[in-house]
Amino acid sequence: MLVELKNGETYNGHLVSCDSWMNINLRDVICTSKDGDRFWRMPECYIRGSTIKYLRIPDEVIDMVKEDAQAKSRNRAEMNKNRGGNSSQNQNQRAPRSGNRNNFGVRSGPSGGGLGNGGMRGGNAGQGNRPPPQGNKLRK
């Protein structure tokens, strides 16, 4: 791939990795100066994403990425299809749970309120992050 920087330099090499900030690692790199009269060969290179003006990627690489994305999409659809079709069987195979979960993920019932369930300490089962009821009067 070819990377042109905001300062005019170009880097031509094989993409090794990139991240969400467009920081790029290249290998087997040829760097060209701004005016095009000097060249450097480097075994590897790191380019900070904020310095990149544009990227030129070969069409065959773009096609490979599109095909890979379509294959992953098909695999996800098949996994969801298989997961959704056996939901009643999967529910019967799970270990029984005591109590029900409220909107906060805390179980109410005999085992509710434990630390492992995301609840508060003590017997405030089913209360979530709410303080225990105090009645109608405010206490100072």
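View 1. D28 has a relative accessible area of 47%, so we call it partly exposed. This is a predicted model, by the way, and that goes for every view here. You'll find D28 in strand β3. Its phi is positive, at about 50 degrees, even though D28 isn't a glycine. D28 also pairs up with R27 in a salt bridge, where the closest N and O atoms are 3.0 Å apart. And how open is R27? With a relative accessible area of 41%, R27 is partly exposed.

**View 2. M22, in a loop and with a positive phi.** Here we look at the loop between β2 (10-18) and β3 (24-32), which is where M22 sits. M22 isn't a glycine, yet its phi is positive, at about 65 degrees. Its relative accessibility is 41%, so M22 counts as partly exposed.

View 3. Six names to look for: M22, L55, I57, V61, I62 and V65 make a nonpolar surface patch of about 440 Å². Which element gives the most to the patch? That's helix α1 (residues 59-85), with three residues. L55, another member of the patch, belongs to strand β5 (residues 52-56). L55 is partly exposed because its relative accessible area is 31%.

**View 4. E4 and the residues around it.** E4 is part of strand β1 (residues 2-5). Is E4 buried or exposed? Its relative accessible area is 15%, so E4 is buried. Skip the neighbours within four places in sequence, and E4 is in contact with E9, T10, I52, K53 and Y54. With Y54 there's a polar contact, side chain to side chain, at 2.9 Å. With K53 there's a salt bridge, and the closest N and O atoms are 3.8 Å apart. K53 lies in strand β5 and E4 in strand β1, so this pair ties together parts that are 49 residues apart in sequence. While E4 is buried at 15%, K53 counts as exposed, with 53% relative accessibility.

View 5. Now for D68 and K72, whose side chains meet in a salt bridge (3.6 Å, N to O). Because they are four residues apart in helix α1, about one helical turn separates D68 and K72. D68 counts as partly exposed at 41% relative accessibility, and K72 is partly exposed too, with a relative accessible area of 45%. The count for the structure comes to three salt bridges.

View 6. C45 counts as buried, since its relative accessibility is 12%. C18, on the other hand, counts as exposed, at 53%.

**View 7. Stepping back to the whole protein.** Of the 140 residues in the protein, 19% are buried. The protein exposes about 11,400 Å², and carbon and sulfur atoms supply 49% of that. Among the contacts with a separation of 6 or more, 29% involve residues 24 or more positions apart.

How values were computed
Residues are numbered from 1 along each chain as its sequence is written. This is a predicted model: local features need pLDDT of at least 70, side-chain atom pairs count only at pLDDT 80 or more; totals for chains, interfaces and linings use all residues. Side-chain values use heavy atoms; hydrogens and water are left out. Patches are made of residues with over 30% relative accessible area and no salt bridge: like charges are joined within 9 Å, nonpolar side chains (Val, Leu, Ile, Met, Phe, Trp, Tyr) within 5 Å. Accessible areas come from the Shrake-Rupley method with a 1.4 Å probe; for residues, only the protein chains shown count as cover. A salt bridge is a side-chain nitrogen of Lys or Arg within 4 Å of a carboxyl oxygen of Asp or Glu. Helices (H or I, at least four residues) and strands (E, at least two) are DSSP runs, numbered from the N terminus. Buried means under 20% relative accessible area, exposed over 50%, partly exposed in between (1.4 Å probe, protein chains only). A polar contact is a pair of N or O atoms within 3.5 Å; within protein, one must be able to donate a hydrogen and the other to accept it, and residues adjacent in sequence count only if both atoms are side-chain atoms. Contact means heavy atoms within 4.5 Å.
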